[in-house]
Amino acid sequence: MADKPHQNLAIIGHVDHGKSTLVGRLLYETGNVPEHVIEQHKEEAESQGKGGFEFAYVMDNLAEERERGVTIDIAHQEFDTDEYYFTIVDTPGHRDFVKNMITGASQADNAVLVVAADDGVQPQTQEHVFLARTLGINELVVAVNKMDLVDYEQNRYDETVEEVKGLLGQVNFDTDDASFIPVSAFEGDNIAEESENTDWYDEETVLEALNSLPEPQPPTDAPLRLPIQDVYTISGIGTVPVGRVETGILATGDNVSFQPSDVGGEVKTVEMHHEEVPQAEPGDNVGFNVRGIGKDDIRRGDVCGPADDPPSVAETFQAQIVVMQHPSVITSGYTPVFHAHTTQVACTIESIDSKIDPASGDVDEENPDFIQSGDAAVVTVRPQKPLSIEPSSEIPELGSFAIRDMGQTIAAGKVLSVDEA
């Protein structure tokens, strides 16, 4: 498998539009889920009166999720096609889980947007497209799902495609970079093989579209940045921070610094999939041990980087944000929670510097009194406690964030510049 390039693929879209079923179907069609497992899931689904959920069950293997019928955590599943070795970042569609979606989508190179033909674009479809765009996903494969429920009618497909194109246009997504495919994840239409039910469609299947995605170029020449997801104590080894290498290379013998905790040391070992490796590259999920670092010295949300080029810690930073939804208006002094890479920090919007035309990027108004839903703006932000974050132009992987308040994502943005502490 390792001789193929690797891609992280996010599956995004509104709740109940068939994301889990599509993923289960992809795993099945690429031979990554044995037939007997599907049979087993089928029996279980039928016994719970949910016949037809067997493919979704492949993904939602948490018992609680089965009972509720929603995807909560980000499940990592792997499958390989002729061209790529894919890790699916299954992103939850459910509102409360948008947070996971943010840390999930920021780990993806490309995305499959699932839109049900019988339901069209829904609020979450919008929100996910928005986030995908802000978080730097470049290519979308749009699966117009549940074609079986609309009798495979071409006009319903065309209407859905137009709706999605309109949505992509709003966030400056180049619709030429998106492929649209009529599918039924449930029946298997146009997933791996062309379907006779859509004789009016003669373009790629989902697997062909995935094979033709551009190969991501790993940012190995950027300095090392590795946001910490968890810190474990493992007997015989000691303290083991765990996270995903976003940029650069982590190698044994490196001198590293953790920010904002401001501690450092020499990397003794690097482990991946329970095996010791000499080094790790962007996209690798690793556990590693650093000489002299104890469990209480570092925490989730810290970023590991080279000791001689440590991650920046912001006193304030300037960012461009897009407000998705807010019940009233946002003014300076507002302090919601910012979610960036693996951290969550309350931050105060100190000033609204300018309002921007979301389509052209031109300044509409200098120093407006407030911004509201639908507005794009440049703001100056002051974190309430130390936050490691980078300008999006230098290290895009650590330059995006989402803003949450009142249990929902109200805005997303990217960092323009950092005024270091």
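This is a predicted model: local features need pLDDT of at least 70, side-chain atom pairs count only at pLDDT 80 or more; totals for chains, interfaces and linings use all residues.

Residues are numbered from 1 along each chain as its sequence is written, and side-chain values use heavy atoms, with hydrogens and water left out.

Now switch to cartoon. You're looking at eight helices and 25 strands; these are DSSP runs numbered from the N terminus, helices being H or I with at least four residues and strands E with at least two. Of the chain's 421 residues, 54% are buried. (Buried means under 20% relative accessible area, exposed over 50%, and partly exposed in between, with a 1.4 Å probe and protein chains only.)

Next, select Phe79, Val112, Leu140, Val142 and Leu210. In the largest nonpolar core, which has 59 residues, these touch the most other members. (Such a core is a set of buried Ala, Val, Leu, Ile, Met, Phe, Trp, Tyr and Cys residues joined through side-chain atoms within 4.5 Å.) Another core, of 24 residues, lies apart from this one; Ile321, Ala377, Ile410 and Ala411 are among its members.

Zoom in on Val142. Which residues does Val142 touch, not counting those up to four places away in sequence? They are Leu113, Val115, Val164, Ala178, Ser179, Phe180 and Ile181. (Contact means heavy atoms within 4.5 Å.)

Hop to Thr205, in the loop between β6 (178-182) and α8 (206-211). Is Thr205 buried or exposed? Its relative accessible area is 2%, so Thr205 is buried. Leaving aside neighbours within four places in sequence, Thr205 is in contact with Ile181, Asn190, Ile191, Ala192, Glu193 and Glu194.

For another loop, pick Gly333, between β17 (329-330) and β18 (337-340). Gly333 counts as partly exposed because its relative accessibility is 48%.

Last stop: select Cys304 and Cys347. Cys304 is at 0% relative accessibility, so it counts as buried, and Cys347, also at 0%, counts as buried too. With a disulfide taken as a pair of cysteine sulfur atoms within 2.5 Å, the count comes to zero.
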